[in-house]
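Here are some friendly notes to read alongside the coordinates.

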Amino acid sequence: MATDWKTSLNLPKTPFPMKANLTQREPEMLARWEKEGIYKRIQEARKEAPVFSFHDGPPYANGHIHLGHALNKILKDFVVKSRSMSGYRVTYRPGWDCHGLPIELQIEKEQGRKVRDMEIHAFRKACRAYAEKFIEAQRKEFVRLGVFGEWENPYKTMEYSYEAAIASSFIQCFQKGYAYKGMKSVQWCIHCETALAEAEVEYQEHTSPTVHVAFPLAPGQEKKLPEGVPGDAKAVIWTTTPWTLPANLAIAFHPDFVYVAAKCGNEHYIVAEALLPAFLEETGLKGEAVAKFRGAQLEGVRFRHPFLDRDSAGILATYVTSDTGTGCVHTAPGHGQEDYISGVKYGLPILSPVDGKGIFLKEVEHFSGQNVFDANPKVIELLRQKGALLHSGTLRHSYPHCWRCKNPLIFRATKQWFMQMEHDELRQRALEAIDATKWVPPWGRNRIYGMVENRPDWCVSRQRKWGVPITVASCASCEESVREQSFFDKVVKQINERGAGIWWEGDASRFLPKGYACPKCGGTKFVLETDILDVWFDSGVSHRAVLNDENHPWPSEIYLEGSDQHRGWFHTSLLTALMLNGSPPYKQVVTHGFVLDGEGRAMSKSMGNVIAPEEVVKKAGAEILRLWVSMVDYRDDVRFSWDLIGRNSEAYLKIRNTLRYLLGNLYDFDPARDMAAPEAMGELDRYILLLLDRLIERVTKAYEEMAFHVVYHETLQFCAVTLSAFYLDILKDRLYCSKADWPERRSAQTVLYRCADALLRLLAPVLPFTMEEAWGQLSGRECPSVHMALFPKPVGLSDDGLTERWEKLRAIRDIVNKALEEARRRGEIGKSLEAKVVLRAGDESVMELLESHRGILPDVFIVSSVEIQRVDGSETAAEVLPALGEKCQRCWVVTTQPQAVEGGPLCPRCARATQ
């Protein structure tokens, strides 16, 4: 009966399966983590460690998560887990943004526009319930991704304590002089019926009507005209908003531009000289200049409105440009930001005869009761009837739209609350803080710097119901604001106890001291503000509400969000922090790009290219999604497709199977008993430890720099190339065929153990489920969970030329492998152990290298024997010949020294191993 030599081999054994079955195992691991309280156990393990403060930017509690959310939360989880494993105590308290227009619109969508007339407390209750529903939905979806945190204790902007923090923060801004109420022209959404801040405005392509309109000189103004300009001259404006002409009060000229009076038939038109050719071409008129003058000479000259019984003043403004239009700018102070500034400068009325729905007021002649956009063609027709229209057309251009309803906006002058950018040098301090902050990627600095440098005062009031009220009362007689501190204290206290809804439960007397009178006029009746705060203020003060204890100290080390937050959360957090605390709330700001489809297009339902995270998790597992996040360079826009998921699944299997092989060959290894000292190891084993040290250094540095794609590529390369394709391939014979406790096998197992231990730790932030599963199979582990462990430290071996020698040997191995493959293709050999390799080298240093490693070369090349020959020339070549001798029945090496034993001949090594 033939001997079964297989039973004498040290073949791998491990319960760690080859098949990941992630969609089943991940939920089981989540249940285990929840039962064991993994997050609290990590915190306990780090209780004496230095704190790394990390503050979560709150996603909006509206709908299920999308891939952008998944990218964001997984990146944050990489930071939290890697900083924890770097030896810090990191607390991650997730948050949600709950107030504002998007939820109001959803309630309206579900229940109809009738909700606008719903009793306010009932309406706010419906909004709160909607937010709670999606907080719970998103919480489960984030947890399913393997994200650790205080999920049982998130912060919510609609919590009473948080609402009190919002109110308190606004009050402090008000008391410090930053917040003020004023009449200004602001971006207004006529569909959402509210003012918007810069952060809520998106620019999209839009087609607008264009008109060239002639404004005749007002009677009696002839003598004010510059010399040579005929008394019948008309100033020509060009605009893309004809509907704003009923609010026109002035025409702006650039003081330094040269203007002309052009004779066109029997008419004379005033336009900028630089724009005269374009004006003539667009209108189809023919003419030439008969007078030239500076724009400054038209200041104070009055022109007649083309269809209303009033004059338009000639004013000067340096914002007038010479690239489009006529150089004569239609000015309606109630319908434009620059127009408003000019109106204030020249003392013009801030005329804005349009209501919140975009309807002209009843006193507007010709257009009363009409929607402003619907009125455009009617305005053009009226201009034509009055003989004032020189030309009309259309223009495709970038136009402001509402960030939520996506409809075009208008400028509308209303009384709003603002944060003053110039008060206490807020703008300058913000710019200095931006320069003192580290921005990743670096271009983020320039983006937010330009926004802050040029932004207007921040409009913080909204004409909505679901939010925190602007907690200011004013005298009903003189409109003087109440500044009594006891009033504010009582408001904040009641909000903290019962929520912001208390503001709408009665009049101001509830919060005022008994007998309180207006210090300015003595009035005793007071009115409460009806507007709520901008939701960007809500989230912008999250640092004040959350970074307030030893686990969440001020400031946060890192803010990490999408690149759109330069105008959003990064921006408003910075301004509020400077107003309230005098310093920025973060030390470093990291931004990621948007998720695009595989062809680089934005994902949208209309294109049918949206892939939900839930769909990916159900099909492939959260680990594959996390591996994708680590693979891409998040600092730019990133692509996502099922093809990429397939490639990541393949990469995952390479990592998993490498770990499985490592664990399988450690089944009888006790690190406390069997660990080999580096000085007792052979060169190959020490070389792999040197490569492992390099991996540890590179990966831990990559985590420190948040270069997670480097983590992915370095670890995958180490698993697939350094280990699987090289070291483990060579090692099989030594691991399987040596006697279990031989020093050379224990040396190899020591290297495998160090590699397994290091890889499990290094990959734990990226693949938390898999590394935890594998950690449970690692003998001698220092703690019950890999997430409680620290990153590995390098062994610290000295190189002494070892790496260079083995890089050369690996290059020679590639030459041999190519020769073996060619011989196999020719049918000269089957398995590589059937071969003898003849190496021919002419280079003296190569010969020395080969001679000094002669004994290990057959193992390195996985052949039965190697012959070395010196030849002329510098090239190293390999010839493959059939090995001579007998095949060992145990290890299959062809040996020239067969040992006759029962069951067939064995090589000398196997004969000793089986004694």
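1. A network of salt bridges links Asp668, Arg673, Asp674, Arg745 and Arg746. Please keep in mind that this is a predicted model. Across the structure, the count of salt bridges comes to 61.

2. Arg647 counts as partly exposed, since its relative accessibility is 48%.

3. Another salt bridge joins Arg909 to Asp733, with 2.8 Å between the closest N and O atoms. Arg909 belongs to helix α27 (residues 908–913) and Asp733 to helix α21, so this pair ties together parts that are 176 residues apart in sequence. Asp733 is partly exposed, its relative accessible area being 24%.

4. The side chain of Arg427 meets that of Glu422 in a salt bridge, at 2.6 Å from N to O.

5. Now to the nonpolar side chains. In soluble globular proteins, nonpolar side chains tend to be buried together. Here the largest nonpolar core has 165 residues, and the members that touch the most others are Leu625, Trp628, Ile688 and Tyr727. Helix α21 (residues 708–737) supplies the largest share of this core, with 15 residues. Apart from this core lies another one of 74 residues, including Ala179, Val201, Cys402 and Ile470.

6. Which residues does Trp628 contact, leaving aside its neighbours within four places in sequence? They are Leu71, Val595, Val638, Arg639, Phe640, Leu644 and Asn648.

7. Next, a sheet. Three strands make up an open sheet in the order β27-β26-β28, and the pairing is mixed. Its edge strands are β27 (865–870) and β28 (877–882), each of which pairs on one side only. From one strand to the next, the twist averages 20°. Strand β26 (residues 835–841) runs antiparallel to β28, and six bridges join the two. Val838 stands opposite Glu879 in β28.

8. Helices pack against these strands. Helix α24 (residues 802–825) packs on the sheet and touches β26 and β28, with its direction at about 40° to that of β28. Helix α25 (residues 844–852) lies across β26 and β27, and runs at about 150° to β27.

9. Last, a loop residue: Ser352 is found between α8 (337–346) and α9 (372–386). With a relative accessibility of 15%, Ser352 counts as buried. Beyond its neighbours within four places in sequence, Ser352 is in contact with Gly334, His335, Arg412 and Ala413. How does the side chain of Ser352 reach Ala413? The Ser352 side chain comes to 3.3 Å from the backbone nitrogen of Ala413. Ser352 and Asn248 are 104 residues apart along the chain, and their C-alpha atoms are separated by 9.8 Å.

Note on methods. Residues are numbered from 1 along each chain as its sequence is written. This is a predicted model: local features need pLDDT of at least 70, side-chain atom pairs count only at pLDDT 80 or more; totals for chains, interfaces and linings use all residues. Side-chain values use heavy atoms; hydrogens and water are left out. A nonpolar core is a set of buried Ala, Val, Leu, Ile, Met, Phe, Trp, Tyr and Cys residues joined through side-chain atoms within 4.5 Å. Buried means under 20% relative accessible area, exposed over 50%, partly exposed in between (1.4 Å probe, protein chains only). Helices (H or I, at least four residues) and strands (E, at least two) are DSSP runs, numbered from the N terminus. Contact means heavy atoms within 4.5 Å. Two strands pair if DSSP finds at least two bridges between them. Axes are lines fitted to C-alpha atoms, for helices over the stretch in contact, and angles run from 0 to 180 degrees between N-to-C directions. A salt bridge is a side-chain nitrogen of Lys or Arg within 4 Å of a carboxyl oxygen of Asp or Glu. A polar contact is a pair of N or O atoms within 3.5 Å; within protein, one must be able to donate a hydrogen and the other to accept it, and residues adjacent in sequence count only if both atoms are side-chain atoms.
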